[in-house]
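The questions below work through one protein chain, from a single turn to the overall fold. Each answer ends on the item asked for.

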Amino acid sequence: MATDLYCTFMSRTYTARWVFPVCGAPLPNGTVTVRDDRIEAVDPHGTRTPDEDFGNAAIVPGFVNPHTHLDLSGARGLIPPTDPDHFTDWLRGVIAYRRTRTPEQTQADIRAGLAECLRFGTTLIGDIASEGASWDALAAADTRAVVFRELIGLSVARFTEASNALILWRRDRIDSVTCRTAVSPHAPYSASGPLIRLAASQGWTMTVHLAESPAEMELIENRSGPFRTFLESLGIWEPERIADSLRFILWRTQRARHVLFAHGNYLPHGTKLKSNQSICYCPRTHAAFGHPPHPFREFLARGVRVCLGTDSLASNPDLDVLADARFVRSRYPDFPGAQLLRMVTLSGAEALGWENETGSLEAGKSADFVVAPLPNADATDPHDLLFADHAGDRRTLFRGEWRT
């Protein structure tokens, strides 16, 4: 009898107008039952009696934002994005901004960006950080995270410095049930071919900015263009150290556990990726720079995993990945809502290696979900309600406990 009472006390069933499991069809007035920190069941309406009804709202898996730079959170509105042909001018602004920040200011920026992510219902974050500076904040937060230590350097000396620092950083940090270490050779114009190869050879999860601008593609393939001028002006032009080609990068990174290519704006049509390689499309950042339409639909049609991210506040108005999904819906109203929701939940979890724990509402997974208000309207496809531009505070359950 005592055991039955204990189980009843520890189990709680929630309902709302719509439940979106992601791994299955949306459930009108469905229920999600939570026991301790796990999802016990996801059921159609009428199967269980709910303990709490959220009314005109959606219950969705916790959002996944796999591409952030929390240390740039203080740069909101300070470095306006350029057009694609002047991307290196924007980079100069980012470099100049970072040089003005003290370590204390950087930590404050990280905490501010993290708080914004959590407020919007993010329960899994992929963050690229210089020197892995966001580790302490993310390891202590009510979220899952993958912290990518950023690697930058084209010269032999910088390769040695970066590789030694990476080894020491990883040695002093232990992966936990919510936070994992990873590595990010920043981009082909800032991390040498050997540095990219080193990062992939560790067998970790890794991310690299790839095909973000036309100038980057010109540098990789021809050793010319705006990036050559940019690197020469910084006194770090070493063409023999740059990755041999796009094909080299795609091939070498296959050795990593999971590989996330940030942006992929200019990946050639038909580019082949392996099952452990994903693309992170950052919609509002992409639009802010005026890039041509992103090829995400073509990649999805070929079975390539594509997720959505926000990038940083140096190029995006906020760190709300649902707002990025709503932006995509406004630009591509015929794009399937179920696929779009997957891109901000389960696809991001798969790209970061957390899909067995989070990203969908399934029995046995962590009790991570967001309660998002819905508009007072009807729709044939309930995803239209979720992706409507609708205000209202969201509530987030993380590992079975409500965030405050």
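Q: Which residue in the turn of the hairpin formed by E4 and E5 has a positive phi?
A: The model is a predicted one. In it, strand E4 (residues 31-35) and strand E5 (residues 38-43) run antiparallel and are joined by five bridges. Two residues lie between the strands of this hairpin, and the one in the turn with a positive phi, of about 55°, is aspartate 36.

Q: In E5, what is the bridge partner of valine 34?
A: E4 spans residues 31-35 and E5 spans residues 38-43, with an antiparallel run. Valine 34 is bridged to a residue in E5, namely isoleucine 39.

Q: In which sense do E1 and E6 pair, parallel or antiparallel?
A: Strand E1 (residues 11-15) and E6 are paired over two bridges. The sense of the E1 and E6 pairing is parallel.

Q: How many of the five residues of strand E16 are buried?
A: E16 covers residues 369-373. Strand E7 (residues 57-61) pairs with E16 in the antiparallel sense over five bridges, and three bridges join E16 to strand E17 (residues 395-398), also antiparallel. E16 is mostly covered, and its number of buried residues is four.

Q: Which elements are included in what covers the buried residues of helix H6?
A: Seven of the nine residues of H6 (residues 193-201) are buried. They are Gly193, Pro194, Leu195, Ile196, Leu198, Ala199 and Ala200. The cover includes strand E10 (144-151), helix H5 (156-171), strand E11 (179-185), strand E12 (205-210) and helix H9 (246-252).

Q: Which residue just after H6 takes a positive phi?
A: H6 comprises residues 193-201. Just after this helix, a positive phi of about 75° is found at glycine 203.

Q: Are helices H2 and H8 roughly parallel or roughly antiparallel?
A: The axes of H2 (residues 87-100) and H8 (residues 226-233) come within 9 Å and cross at roughly 30°. That crossing makes the relation of H2 to H8 roughly parallel.

Q: How many residues of the contact of H2 with H8 are nonpolar?
A: From H2, the contact takes in Phe87, Thr88, Leu91, Arg92 and Ile95, which meet Pro226, Phe227, Phe230 and Ser233 of H8. Two of the contact residues are polar and one is charged, while the nonpolar ones number six.

Q: What radius of gyration does the protein have?
A: The C-alpha trace spans about 70 × 45 × 35 Å along its principal axes. A compact globule of 404 residues would have a radius near 22 Å, which agrees with the protein's value of 21 Å.

Q: How many helices and strands does the secondary structure of the protein come to?
A: Of the 404 residues, 58% count as buried. Among contacts with a separation of 6 or more, 68% are between residues 24 or more positions apart. The secondary structure of this chain comes to 15 helices and 18 strands.

Terms used. Residues numbered from 1 in each chain as written. Predicted model: local features only at pLDDT ≥ 70, side-chain atom pairs only at ≥ 80, totals over all residues. Heavy atoms only, no water. Axes fitted to C-alpha atoms, helices over the stretch in contact; angles between N-to-C directions. Parallel < 35°, antiparallel > 145°, perpendicular 65-115°, else oblique. Contact = heavy atoms within 4.5 Å. Nonpolar A, V, L, I, M, F, W, Y, C, P; charged D, E, K, R; others polar. Buried < 20%, exposed > 50% of the residue type's maximum accessible area, 1.4 Å probe, protein only. Pairing = 2+ DSSP bridges. Rg over C-alpha atoms; globule rule 2.2 N^0.38 Å.
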